[in-house]
Structures are given as structure tokens and as C-alpha cells.
Amino acid sequence: MAYVSAIPALFAFLYIANISLGPYEVFMMNLIGVYIIATVSLSLTNGYAGQFSLGHAGFMSIGGYIATILSFPVARKALLLSDLPPFLLHLELPFLASLLIGGAVAALVAAGVGLPVLRLRGHYLAVATLGMMVVVGALATNLIQFTRGPLGINGIPPYADSYWIYTWVIVTIFVMQRIVETKYGRSLKAIREDELAAASFGINVTRMKLFSFVVGAFFAGIAGGLFAHLITAIVPWTYSFVLTFDIVTMLIVGGMASISGSVIGAASLTILKQALKPVEEGLRIYGIVQLVIAVILIITMIKRPDGLLGHRELSLDMVMSLIRRHRSRGQLPISSP
Amino acid sequence: MSITAEYVVIQVINGLVIGSVYALLALGMNTVYGMLKLINFAHGSVVMVGAYVFLLAMLNLGSVTPIALVATLVAGGLVGYVLELAAYRRLRGKPEVSLLITSLGAYIFIENFVRVTLTSQPRPFLVIPELNILFDVYGITIRVVDIVVILSGIAISAAFVIYSKRAKSGIAIKATAENIRAASLVGVNVDRIIVLALVLGSVIAGFTGFVWGVKFGQIDPGMGFILGVKAFVAIVVGGIGSIPGAVLGGYIIGLAEMLSVGLLPPVYGGYRDGIVFFILIIALLVRPYGILGVKESVRV
């Protein structure tokens, strides 16, 4: 827990960044934070438990819409969302409460989807979570009364500043670390390596899988809520399959079961995506960004299937040994010809 | 709107059309799932490639229907072949999940490759006017393409079932899908059979793209994804590992989708994809190994 001492430094950095950087750079920094929360929370299910979920954007959508509806100012609700049922129409919750409720509903949905699916072996979860995402998308498009359908909700209060987002980054990483480093994390890894062996050691396999899935969904819901209050306008396809795919790629590039790897993957791919976007718009050839991300994903899978860090965490020792290895490469021991 | 007998019959025909498409896709996905435990998401993109190749061959190259159709089938098969050689083969022996992720990446790659090289706008697919002729049977209006899709769906499915029972390579495909290690022990060249199954499935998927375009009159680069996923739902419902099961599942999903859209009040129309996944959840709860599937036993 040496990281605790780094928290004041992080907030000092955020403060300096917020007063010295331009709005675009601050936005980028915040976006990276949201992606870190999403990626780290996905690593619990997909990396540690080895159950492949493709529904992260669906959970983010649930969290995003619910947090938005709850935190939306009453005065603007009367204009934009006048068809809401009365108890929601006259309700304006604080940001934190809205986020937490959004996350809790996402977790509840995860429990409902996960229970029938996670009893089974195989990759049913991938298909079922995709299906869940399709259903969530259909609800967001068709429940016009709550979501304004394809028109989307705009003018969402921009509550999600750097301090909110990075506080949640810290909370997410802390919770994940507490899970991963204790018996829960060891159980999940055991399930990933061999379900049968894990069960015979007395691990309740279904319950542990469900636990990882529900916790991941909760933080995905939080990330979705923060995302909505960061970009301040959402439509149903804000949380599309492309978002899930991007987060999965961030996770895999960084390292499937590595918290620091997830952070690195989220940050580097967010920057890459934002850097490529002007190219796409300048050339008016849409699809370049996704094409590049798909290539990165496929090459990573073939060359380094465990991602940059794999199942390890980034540590000072690792960096040092890398530097040492790099140095010694220059002066290889002389071998006889 | 009152629900008349004619209306129900039309919905059943539509259900059979969509069901044929799912069944044809499920054939290829099912054998590949059996062999590699891979949900081949890229299978859906082959449908899209097939549709675009046919359209380009007809409009831009001015070829006649049979040649364009051959080009479609070849292009479909080629996508399957390249996928296997460039990506899937390199992942043998790695965790199953890396194949799943790679096929997802392959799907996104192919979709966006078409977006970048051709267009990201939907394109009208009005190339063979003869297939759009309407005719009337006892007050029910049917398009020629409906009959073509249903007949080709049934014919290809039946041919595939017979092939997997009679032909030597067909038996090898079935054996490899059931148990890849046992198949290789009795002398099946597993690598070649995997290529064969992928190419065969992709050729069928390319053809599916052609019929989909004719039926719905419009294609776009993103059309394949949900088709591939629904075909996999059909496999789960029909029975993983069973070739007749995949066909049956395809028709069940197609009929359930169209009948629920047609018979429920129109407000539920937006949930047609949701209904398919609702069926998936029910199927996983009630009979996770599918209608014609065999319960998988766990061996240590």
C-alpha cells in the first residue's frame, strides 16, 4: 500500500494540470481516467476470472443513462424530459448518489444476466453479454419517455471533473487490488486455470464468477455515469459495440490480468485514438481509427497473447531489470566462434 | 390492424426466409465451434463481403449474374482461407479465449476495411429485378426471392447434412468437430479439415450475403455482425455440435423473431433483436446443450 502516499501527489498534479493546461488537454486527461476505470473493472472478469464478457458498454450505458436522469436539473427536465413519471420529473439527486445508483443497477442487471450463463462452461458469456448490450441499446432507443430515444439527452451538467474522475480511478484500483490480492483473487485465478480443480478445492465456482462479473459491472456503470457527465451529451450509440471493443483492446494490449497493464493500455490507446481522429476527419475516410485498433489487437494476440504485462504488475524491480537487460545486450559475453 | 390468416402466413414465410439465412450461417459456425471452440465473429463479416462483391461485380464490372455469383462464393471462401492462415492457425494451442478475441478483431478489421476502401454509406442492392417479381397465391403476395431463399436454405442444409454423413471429407469434418484429438488419432489431417470447414462455411456465408441483399434491397458494412451473433444463438438453441441442430435452431430463431415482430403490437418492433437474446437466456436456463445437442460430460 505504498501507493497511498502517491495520492496527494496525484491530486497536486491534477490541480496544476487543470490550471495550466488547455481545455482539450484536460478533457483528454479525464477521458483517460474514465477508460482506466472501465478497463481495470473489465480485467476482473475477463482477465482474472477468465470469463469473457463483451457487455461492458451495455453496463456503461445503464450507468450513464440512470445517472443522467437522476442528476439532471429539475428546471431542464421540464423542457427536455417532460414525459418522465412524476417522481423522476421532480427529482434531482446529488452527483455521487446518481452515480452510485447507476452503478448499482448495472450490477443488478449483471447478476440477472450472469446467473443463468455463468453456471455453464464455455464462451456463452460472450454471446449473452453481447445480447444484453443489444437489448440495452434497444431500450435506450425505444424508451423515448426516459431517454429521448435517438435524439439523445444533451446539456448534461458537466459534474465529472478531474477530481471526481480520478477519485473514482483510485477507488476502482484500490477495490480491484484488495480483491486480487486476497483469497477472492486467488479463487478467481484458480477458476481461470482449471475450473474443475478449483471446484474440487471447495471454491464455489459459479458464485465467484458471478461476484467478479457483478463487481466489474458496478464499476462499468460508474464509468458510464462519469462518461455521460464528461461529454455532457449522450445518444444510444454513445455506448455501442465499438466502445466495448475499444475497452477490450485496451485490456488486452496492456495485459489481461494486470491492473497496471490495464492503466497503461487505457491511457496509450485513448491517446492513439484521439490522435488518429483528426486524420480520419481530415481525409474523410471513416473507419481508419477502428481499422488501426483492430490491427493492434490482432498483432498483440498473435505476438504477445497475454498483452504487454500479461499477468504481472508493473514494479520498480521490473523496470530496473528491463534496463539492466537492455544494457547488457550491448556487451554480450564473448563467445568462441 | 386485425390479424388475419393471410397475415400470419406472410409472417411465417418471412420467418422461414430469415431462418434460412441463420441456418446457412449456423452450418459453418457450428463446425468451426466444434473444432476450435471458437465463436467465429468474423463469420458475419463474410456475409457483408459476399454482398459487396456481388454488387461490385454486377454494377462496376458489368458482369452477368452467374459470374458475379461465382465471384461472391470465391471471395467468401477466400476470406475464410486467409483468416485461418493469417490468424487462427497461429493461435493453436494458445488459450481458447485468444481465438475468440482474434476473431472479434478480424471482424472489426474486415468491416472497417470495407468502410475505408469502399464506402461507409448503405448502398441499394437492386441488381436482379427478376427476383423481386411479386406473385399471388390464394391472396398471399410472395416475392420470387422468398421462394429462392427458402429453397436454397433447405437444399444447402440438406446437402451439408448428407455430405457430412456420406463423403469422406464430410465425415472427417464431423469427426473433427466432435473430437479434434480423436480425429487426429485415427489419421484425419486436422489442419486441412479445419481449413476445409472454414472455407466451406465461408462460401455458404458469402452466398447468404447475396440473398440477404436481394431480400432487403440494401447493404452496409456493419450488416454482418448481428447476423453472425444470431447465428450463434441459433447454434446454442439447436444444439452445439449437431449439424441438423444448427439448421433447426436457425429456423426456430427466424420464426420466433418474425412472428414476435408481426404478432406483438408495433411498439415492440424495436425489440426484435432483444427477443432473440431473450430466447438465448431461456435456452441456456432450460436446455444449455440445445435441442439436438448432446450433454457434454466433464472428464478429468
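Is B:Lys37 buried, exposed or partly exposed, and how many other C-beta atoms lie within 10 Å? The first legend gives the answer; every view is drawn from a predicted model.

**Figure 1. The loop around B:Lys37 in chain B.** In this predicted model, B:Lys37 is partly exposed, because 15 other C-beta atoms lie within 10 Å, between the limits of 12 or fewer for exposed and 20 or more for buried. B:Lys37 is placed in the loop that links α1 (5–36) and α2 (42–59) of chain B. Although B:Lys37 is not a glycine, its phi is positive, at about 55 degrees.

**Figure 2. A:Arg284 in the loop between α14 and α15 of chain A.** The phi angle of A:Arg284 is near 55 degrees, a positive value in a residue other than glycine. A:Arg284 has 6 other C-beta atoms within 10 Å. This residue is therefore exposed, the cut-off for that class being 12 or fewer.

**Figure 3. Surroundings of A:Gly152.** A:Gly152 occupies the loop between α8 (144–147) and β1 (153–154) of chain A. With 15 other C-beta atoms within 10 Å, A:Gly152 is partly exposed. Leaving aside residues up to four places away in sequence, A:Gly152 touches A:Ala233, A:Ile234 and A:Val235. Between A:Gly152 and A:Phe59 there are 93 residues in sequence and 17 Å in space, C-alpha to C-alpha.

**Figure 4. Packing of α13(A) and α14(A).** Helix α14 of chain A spans residues 259–283, and its axis lies 7 Å from that of α13(A), at an angle of about 125 degrees. α13(A) passes α14(A) in a right-handed crossing. From α13(A), the contact involves A:Asp246, A:Thr249, A:Met250, A:Leu251, A:Val253 and A:Gly254; the partners in α14(A) are A:Gly261, A:Ser262, A:Ile264, A:Gly265, A:Ala266 and A:Leu269. By class, this contact has 6 nonpolar, 5 polar and 1 charged residues.

**Figure 5. Packing of α5(B) and α8(B).** Helix α5 (residues 144–166) and helix α8 (residues 190–216) of chain B have axes that come within 10 Å and cross at roughly 165 degrees. Since angles over 145 degrees count as roughly antiparallel, α5(B) and α8(B) are therefore described as roughly antiparallel to each other. Their crossing is left-handed. On the α5(B) side, B:Val145, B:Val148, B:Val149, B:Ser152 and B:Ile156 take part, and they meet B:Ile204, B:Val211, B:Val214 and B:Lys215 of α8(B). The contact of α5(B) with α8(B) divides into 7 nonpolar, 1 polar and 1 charged residues.

**Figure 6. The contact between chain A and chain B.** In total, 34 residues of chain A are in contact with 35 residues of chain B. On the chain A side, the elements giving two or more residues are α6 (95–118), α7 (124–142), α13 (241–254) and α15 (288–303). α7(A) gives the most, with 11 residues. The side of chain A that touches chain B comprises 27 nonpolar and 7 polar residues, and no charged residues.

**Figure 7. The largest nonpolar core and B:Ala26.** This core has 199 residues, and those with the most contacts inside it are B:Ala26, B:Val233 and B:Leu280. Helix α12 (residues 205–231) of chain A supplies the largest share of the core, 16 residues. Beyond residues up to four places away in sequence, B:Ala26 touches B:Ala231, B:Ala234, B:Ile235, B:Ala246, B:Val247, B:Gly249 and B:Gly250.

How values were computed
Residues are numbered from 1 along each chain as its sequence is written. Chains are lettered from A and ligands numbered from 1 in the order in which they are written. This is a predicted model: local features need pLDDT of at least 70, side-chain atom pairs count only at pLDDT 80 or more; totals for chains, interfaces and linings use all residues. Two residues are in contact if their C-beta atoms, placed from the backbone, lie within 7 Å. Helices (H or I, at least four residues) and strands (E, at least two) are DSSP runs, numbered from the N terminus. Ala, Val, Leu, Ile, Met, Phe, Trp, Tyr, Cys and Pro count as nonpolar, Asp, Glu, Lys and Arg as charged, and the others, Gly among them, as polar. A nonpolar core is a set of buried Ala, Val, Leu, Ile, Met, Phe, Trp, Tyr and Cys residues joined through C-beta atoms within 7 Å. Axes are lines fitted to C-alpha atoms, for helices over the stretch in contact, and angles run from 0 to 180 degrees between N-to-C directions. A crossing is left-handed if the near helix is turned anticlockwise from the far one by less than a right angle, and right-handed if clockwise. Angles under 35 degrees count as roughly parallel, over 145 as roughly antiparallel, 65 to 115 as roughly perpendicular and the rest as oblique.
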